[in-house]
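This briefing is meant for a reader who is meeting the structure for the first time. Please look over the sequence and the model, and then follow the points below by topic.

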Amino acid sequence: MNQRHPRRPAPRPPEGTPARAELAKMARSGLAGAVRVARWADNALGPGRDGATADGKATLSTATAERAAADLGLTPDQVRADWDTARLAGLVEVHGDSARPGWRLRAWDRDDSAVLRGWVALFDAWSLAVPEPAGHEPAAVAEVVSAMPQVLSFLQLSAGPVPVEQLLDLLQQRVTELRTERCEVTYEPGTEPPAAPAEATDVPPASLAPLLDWALGALASVGALTYGAGQATLTPLGSWAVWVKLEQICVAAQSPAGNIEQSAEDMLRGCAQLRPNAARAEYRAWLAARTVGSAVTELIDAARGEDALLRGLAFEALRVVGAPAEPEVRAVVDEPALRPYALLWLAEHDGLDPEDAHEVLTREEATWLWVDTAAAVADHGEAPMLVRHLESAVQPTVPQLLDEVRAVGHPRTVQVLVALAAAHPDPALAKAVRRAAFQVHTGG
């Protein structure tokens with residue numbers, strides 16, 4: 001049952017890349033202004049704080065921006081710019097017309113991974129950091145955004161300054177390829193393929209130059225590169241981020257256990273026998289090949305099924321997704337079958353230690369989760385595992401556990417109790433568990 005797969009060697013960043021701690025220090029420095037404004041909003045506008053906005057929500061109205069500027073010694077425009085950066089980096093999370101601190105803000109001073117993930121989120125959102133130049137068709141802007149990963153890869157491989165003229169040539173080639181691919185049509189065998197429309201291959205460099213200038217300027221504004229004197233150079237953070245993105249593509253192409261093309265349910269089943277680290281690698285590969293929205297929807301749909309093991313694994317995969325899954329996870333809190341899993345996920349997302357996260361559950365929710373986990377063990381595990389699962393119950397005694405298990409109304413209660421009775425070596429305890437199963441079955 002335990003299938004072993006060859007481990008992919010841990011990739012190493014390019015030679016000369018600073019250590020993660022140094023990269024995190026650079027990211028903290030670059031995002032210091034955004035952190036300052038986010039913390040100001042948390043302290044000044046949080047629920048119950050004196051002087052909160054009239055509606056009691058942490059919204060950045062004109063009055064709020066002016067107040068923050070006065071408190072921080074900045075201009076309102078600087079406050080708004082730092083606020084936008086904080087949003088893009090996940091330091092604040094906006095829900096409708098209100099905002100709250102993101103989990104990264106809570107972990108900012110102690111967790112280098114949180115800092116680097118925040119900076120990569122900002123790097124991913126570079127096209128939103130600076131308004132696009134006026135007078136260009138949205139389709140042309142979208143083409144440049146789609147082509148920039150290749151430009152960035154070239155900069156990363158160059159490992160030094162690159163003339164803008166050279167980047168413009170590369171951008172022109174890539175946009176031409178994109179247009180040609182978009183204009184491809186099928187034709188009957190034995191006939192000549194139709195000529196591509198002129199606009200598919202004719203991309204004047206002059207039309208792309210302003211957009212390249214905008215793209216490089218936006219990437220410079222988020223700290224990914226330096227841009228000036230007719231050349232561009234990736235910063236250490238930018239070079240590392242491009243390498244991270246290339247590695248994600250490689251992971252997607254080299255799914256360790258071959259589940260990348262499977263549905264969420266089949267992928268989770270394929271991960272059931274993997275060790276935790278190998279399973280997380282598989283989740284990352286599967287996620288890298290999909291848009292975040294569709295992947296989260298698939299995982300939550302899999303969690304709604306009857307297999308309790310998949311329910312737990314789906315939320316483990318959602319932990320790998322991280323912050324982008326938060327709205328969808330929050331939306332299922334009222335579904336009884338998913339509520340305990342969602343509450344634990346949200347507690348950890350908000351910075352609670354995983355070992356303490358169970359404290360957010362009520363006694364009834366914890367009991368329901370115990371039964372659901374027992375169902376997963378009964379279906380997929382071995383008898384000793386089910387016996388050991390008794391130790392994880394919140395109830396201090398078995399009779400008390402049985403009373404509360406019967407009351408919680410989990411649909412798998414009877415099957416779980418029957419399996420536990422069959423597995424437990426203590427005849428007296430097994431008899432009590434069988435009696436409880438019979439009572440639940442008969443409604444007694």
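Which residues does H389 touch, not counting residues up to four places away in sequence? With contact meaning heavy atoms within 4.5 Å, H389 touches W370, T373 and A374. This is a predicted model, in which local features need pLDDT of at least 70 and side-chain atom pairs count only at pLDDT 80 or more, while totals for chains, interfaces and linings use all residues. Residues are numbered from 1 along each chain as its sequence is written, and side-chain values use heavy atoms, with hydrogens and water left out.

**The chain as a whole**

- The protein chain has 23 helices and 5 strands, where helices (H or I, at least four residues) and strands (E, at least two) are DSSP runs numbered from the N terminus.
- Of its 444 residues, 42% count as buried; buried means under 20% relative accessible area, exposed means over 50%, and partly exposed lies in between, with a 1.4 Å probe and protein chains only.
- Among the contacts in the protein chain with a separation of 6 or more, 63% come from residues 24 or more positions apart.

**The residue H389**

- H389 lies in helix α20, which covers residues 383–389.
- The relative accessible area of H389 is 11%, so this residue is buried.

**Helices that pack against each other**

- Two packed helices are described by the angle between their axes and the distance between the axes; the axes are lines fitted to C-alpha atoms, for helices over the stretch in contact, and the angles run from 0 to 180 degrees between N-to-C directions.
- Helix α13 (residues 264–271) packs with helix α14 (residues 276–288) at an angle of about 160°, and their axes are 10 Å apart. α13 is therefore roughly antiparallel to α14, on a scale where angles under 35 degrees count as roughly parallel, over 145 as roughly antiparallel, 65 to 115 as roughly perpendicular and the rest as oblique.
- In this pair, A264, M267, L268 and C271 of α13 meet A279, E282, Y283 and W286 of α14. The residues of the contact of α13 with α14 comprise 7 nonpolar, no polar and 1 charged, where Ala, Val, Leu, Ile, Met, Phe, Trp, Tyr, Cys and Pro count as nonpolar, Asp, Glu, Lys and Arg as charged, and the others, Gly among them, as polar.
- Helix α2 (residues 32–45) and helix α4 (residues 76–88) have axes that come within 8 Å and cross at roughly 90°, which means that α2 is roughly perpendicular to α4.
- Where these two helices touch, G33, A34, V37, A38 and A41 in α2 meet V79, D82, W83, T85 and A86 in α4, and the contact of α2 with α4 has 7 nonpolar, 2 polar and 1 charged residues.
- For helix α16 (residues 308–321) and helix α19 (residues 363–380), the axes come within 7 Å and cross at roughly 115°.
- A308, L309 and R311 in α16 meet D372, A375, A376 and H380 in α19; by class, the contact of α16 with α19 has 4 nonpolar, 1 polar and 2 charged residues.

**The sheet and its hairpin**

- An open sheet is formed by 3 strands in the order β3-β5-β4, with antiparallel pairing; two strands pair if DSSP finds at least two bridges between them. The edge strands are β3 (162–163) and β4, each of which pairs on one side only.
- Strand β4 (residues 225–228) and strand β5 (residues 231–234) run antiparallel and are joined by 4 bridges. In β5, Q231 is the bridge partner of G228, and A232 is the bridge partner of Y227.
- β4 and β5 form a hairpin with 2 residues between them.
- Helix α8 (residues 138–158) lies across β3, β4 and β5, and runs at about 75° to β5.

**Loop residues with a positive phi**

- A159 sits in the loop between α8 and β3, and has a positive phi of about 55° although it is not a glycine. The relative accessibility of A159 is 69%, so this residue counts as exposed.
- A229 lies in the loop between β4 and β5, and the phi of A229 is near 55°, a positive value in a residue other than glycine. With 80% relative accessibility, A229 counts as exposed.
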